[in-house]
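Here's a quick briefing to read with the model open beside you. Take a look at the chain, then work through the points below.

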Amino acid sequence: MESQEGDIIEVFGWKSKTAMEQAHSNPKVQEMWIEYSKVCEYVPIGAIKESENLFSEFTPINIPK
């Protein structure tokens, strides 16, 4: 999704709390996160202006496969 200010937002969830905790010690996940951090920022959703609204509106983005 894209915010009004042009921020691209990816939303995902964890399979379980255990999976989330294990990711922080998984070398492959850590490597992937390092690569991601070269091109994006990790910010809390509260930092995005639209999150102030009860029903946040974002523009869908179509990414070709």
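Tryptophan 14 is partly exposed, with a relative accessible area of 38%; that label covers the range between buried (under 20%) and exposed (over 50%), using a 1.4 Å probe and protein chains only. Keep in mind that this is a predicted model: local features need pLDDT of at least 70, side-chain atom pairs count only at pLDDT 80 or more, and totals for chains, interfaces and linings use all residues. Residues are numbered from 1 along each chain as its sequence is written, and side-chain values use heavy atoms, with hydrogens and water left out.

**The tryptophan pair**
- Searching the whole structure turns up 1 aromatic pair.
- Its partners are tryptophan 14 and tryptophan 33, with ring centres 6.3 Å apart and planes at 80°, so they sit edge-to-face.
- For the rule behind that: rings of Phe, Tyr and Trp (its six-membered ring) pair if their centres lie within 6.5 Å, and planes under 30 degrees apart are stacked, over 60 edge-to-face, and the rest tilted.
- The pair ties together distant parts of the chain, since tryptophan 14 lies in the segment before α1 (17–23) and tryptophan 33 in helix α2 (residues 27–37), 19 residues apart.

- Around serine 3 you'll find Ile9, Ile48, Glu50 and Phe58 touching it, leaving out residues up to four places away in sequence; contact here means heavy atoms within 4.5 Å.
- Alanine 19 belongs to helix α1 and is partly exposed, with a relative accessible area of 23%.
- From alanine 19 to glutamine 30 is 11 residues in sequence and 14 Å in space, C-alpha to C-alpha.

**The whole chain**
- You can count 2 helices and 0 strands in the protein chain; these are DSSP runs numbered from the N terminus (helices H or I, at least four residues; strands E, at least two).
- In the protein chain, 42% of the contacts with a separation of 6 or more are between residues 24 or more positions apart.
- The C-alpha atoms fill a box of roughly 35 × 25 × 20 Å along the principal axes.

**Charges**
- The chain carries 6 positive and 11 negative side chains, and the centres of the two sets are 12 Å apart.
- Lys and Arg count as positive, Asp and Glu as negative, while His and the chain ends are not counted; each charge is placed at NZ of Lys, CZ of Arg, CG of Asp or CD of Glu.
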